[in-house]
Amino acid sequence: MRTRSTFPFVFPVLLFLVWEIACRSFDISVYILPMPSQFLSTLLENWNGISVHAFQTMKTTLLGFFLGTMIGAFLGIAAGASKTVYQTIYPALVGFYSIPKVALVPIFVIWFGSGTVPAVLTSMMICIFPVLVNVAAGVATTERDLQDVLKSLGANRLDVLRYVSVPRSMPYFFASLKIAITLAFVGTVVSETVAANRGIGTMMVRASADFDVPLAFAGLLLLALMGIAMYAVFAVVERRAVGWAKRDVEFGH
Amino acid sequence: MGISPGSPSETGKLSTNQRTDAFVQLSDLTVAYGSGVDKVYAVDRTTLNITAGEFVAIVGPSGCGKSTLLKVISGLTPPAAGRVTVDGESVEKPLKNVGMAFQSATMLPWRRTIENILLPLQIVEPHRRSFRRDYSKNRARAEAFLNRVGLKGAGGKYPWQLSGGMLQRASLCRALIHEPELLLLDEPFGALDAFTREELWRVLQFLWLDKSPTVLLVTHDLREAVYLADRIVVMSPRPGRILHEERVPFSRPRKVEDLFCPEASALMQRLRSKIDHRSLEVIEELES
């Protein structure tokens with residue numbers, strides 16, 4: 001087990017090593033591709049300044065993610081449980097989701113001004129769809145037999161939803177959370193690069209304007225790390241909450 | 001095994017008992033599934049009365065037809081024609097006080113076994129209103145059921161941690177915990193090995209003798225029918241009609257060894273001969 005737990009670190013370390021060696025041996029300019037050692041030291045030296053941006057991005061992302069997930073789950077349950085709701089909202093949602101979210105930011109800025117609100121809304125928008133689609137699939141594919149067990153007891157539609165369809169869709173819901181949280185970062189940063197004065201997105205736009213390429217790369221690294229951290233959090237939550245769906249994987253034995 | 005006086009005389013004749021005290025009444029019932037060209041008549045213009053507390057087994061070729069019949073009786077599916085009444089009331093929507101068990105145990109995989117057994121109490125009135133308040137009492141009741149079917153201590157396990165036989169035991173507990181007046185069993189032991197099946201016959205008989213709900217059991221196993229039922233109804237293959245009806249005269253509680261006595265053998269022979277050739281093939285196919 002000890003060796004296996006180190007596996008995830010092998011690839012990034014190797015990548016950074018090759019990167020560092022390549023930059024040094026080919027003498028690549030810092031303005032084109034900074035060495036890992038350069039942007040790591042930038043990250044550590046400027047941590048106080050960067051952390052403000054990181055904290056802002058994290059806060060915005062989590063808020064947008066939370067709102068988007070709630071809306072997505074709610075609509076997903078409705079669309080999965082009712083054919084009418086499904087047929088009514090689905091085509092419109094697909095159309096809506098096809099719009100690049102970056103195109104929405106200017107509109108949000110007109111309505112709410114630049115800053116946190118457009119970023120929260122953008123990450124929220126981006127989260128709704130994957131959660132909705134997954135939850136709807138989970139609810140809609142509830143086995144007839146399971147429903148019959150409840151119906152034969154005189155259960156109404158709400159009971160079936162509450163005791164069967166919704167719990168049954170939870171593995172789908174938690175799987176979608178892992179997709180949604182990583183997408184939420186994309187939404188936030190996209191909005192921050194267009195209209196904000198704080199956040200990793202803003203920081204990176206300023207860094208590239210200043211030709212501070214190591215700082216821009218530090219921003220990228222930070223985003224990746226935050227994404228991994230949140231993904232890991234939701235993977236753990238998933239295992240705790242819906243371990244029953246994974247059966248033999250280290251659960252209950 | 002005792003034989004109640006005068007019983008073998010009832011053999012053979014189709015009794016059209018039109019008594020009005022029947023708890024479950026099928027009148028001229030036609031059951032179909034599928035639609036359009038794929039429409040299949042599972043049961044055709046059948047009349048059958050079942051008295052309260054009676055244990056009736058329906059034997060015949062197994063498959064979706066018989067399951068559909070049980071779904072119609074429980075109100076899950078509407079009949080194509082004819083009428084079902086339970087306790088004097090016409091069945092038009094799912095019944096409230098019925099217990100069901102199917103060939104697959106259909107446990108909710110996210111609930112522990114005991115929580116699965118408690119499910120009916122969360123749904124059925126009047127239990128659902130006081131479910132939270134009486135939670136410890138309900139739990140004790142579920143534990144008592146588990147003990148009676150030989151699942152002591154298994155309540156904390158998830159369904160996927162139980163064997164097929166254990167699941168069916170749990171399924172019986174769930175079907176009975178709300179003390180239904182009508183129990184509908186759709187080949188509940190069909191997927192089990194012979195020894196587990198016999199053990200579960202004993203368990204079911206034990207539970208039935210205790211509360212005497214009205215039971216309708218669909219099976220393709222003649223031994224199962226003879227062991228468990230008061231009355232056996234033989235149905236033809238689709239479209240199903242009642243071919244033969246027979247009382248099982250043996251006293252209770254019955255034992256598996258009783259099935260080897262001459263009277264039981266003769267009864268099974270007789271039933272078997274009534275099942276027409278076509279359906280017999282189906283049955284043998286299923287048993288192999």
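**Entry 1: a strand in chain B**

Which residues of strand 6 (residues 98-101) of chain B are buried on one side, and which on the other? I looked this up first, and I found B:Val98 and B:Met100 buried on one side and B:Gly99 and B:Ala101 buried on the other, so that both faces of the strand are covered. I take a residue as buried if 20 or more other C-beta atoms lie within 10 Å of its own, as exposed if 12 or fewer do, and as partly exposed in between, with C-beta atoms placed from the backbone. Helices (H or I, at least four residues) and strands (E, at least two) are DSSP runs, numbered from the N terminus. In a regular strand the side chains alternate between the two faces of the sheet.

I note that this is a predicted model, in which local features need pLDDT of at least 70 and side-chain atom pairs count only at pLDDT 80 or more, while totals for chains, interfaces and linings use all residues. Residues are numbered from 1 along each chain as its sequence is written, and chains are lettered from A and ligands numbered from 1 in the order in which they are written.

I then followed strand 6 of chain B to strand 7 (residues 182-186) of chain B, to which it is joined by four bridges, the two running parallel; strands pair if DSSP finds at least two bridges between them. Across this pairing, B:Met100 stands opposite B:Leu184.

**Entry 2: the core**

I looked up the largest nonpolar core, which has 141 residues, and the residues with the most contacts inside it are B:Cys173 and B:Leu216. Such a core is a set of buried Ala, Val, Leu, Ile, Met, Phe, Trp, Tyr and Cys residues joined through C-beta atoms within 7 Å. Helix 8 of chain A gives the most to this core, with 16 residues. For B:Leu216, leaving aside its neighbours within four places in sequence, I listed its contacts, among them B:Val24, B:Ile50, B:Leu70 and B:Leu184; two residues are in contact if their C-beta atoms, placed from the backbone, lie within 7 Å.

**Entry 3: helix 3 of chain B**

I checked the length of helix 3 (residues 135-148) of chain B: at 1.5 Å a residue its 14 residues should span 20 Å, and its end C-alpha atoms are 20 Å apart, which agrees. The expected span is 1.5 Å times one less than the number of residues.

Which residues of helix 3 of chain B are buried? They are B:Asn138, B:Ala142, B:Phe145 and B:Leu146. These cover an arc of only 100° around the axis, which puts them on the same side of helix 3 of chain B; the arc is that of the directions from the helix axis to the C-beta atoms. An α-helix has 3.6 residues a turn, so residues three or four places apart point the same way. On the other side of this helix, B:Ser136, B:Lys137, B:Ala140 and B:Ala144 are exposed. What covers the buried residues includes helix 2 (113-123) and helix 4 (164-176) of chain B. After helix 3 of chain B comes B:Gly150, with a positive phi near 80°.

B:Glu187 lies in the loop between strand 7 and helix 5 (194-211) of chain B, and it counts as buried because it has 22 C-beta neighbours inside 10 Å. A:Asp27 also is not a glycine and has a positive phi of about 55°; its place is the loop between helix 1 (2-26) and helix 2 (36-45) of chain A. A:Asp27 is exposed, because 6 other C-beta atoms lie within 10 Å.

I also noted a cis peptide bond from B:Arg252 to B:Pro253, with omega near -5°, and B:Pro253 is in the loop between strand 10 (242-247) and helix 7 (262-274) of chain B.

**Entry 4: chain A and its side towards chain B**

I counted 10 helices and zero strands in chain A, and of its 253 residues 40% count as buried. How many residues of chain A are in contact with chain B? I found 17, in contact with 21 residues of chain B. Helix 7 (144-151) and helix 8 (157-194) of chain A are the elements that give two or more residues to this side, and helix 7 of chain A gives the most, with six.
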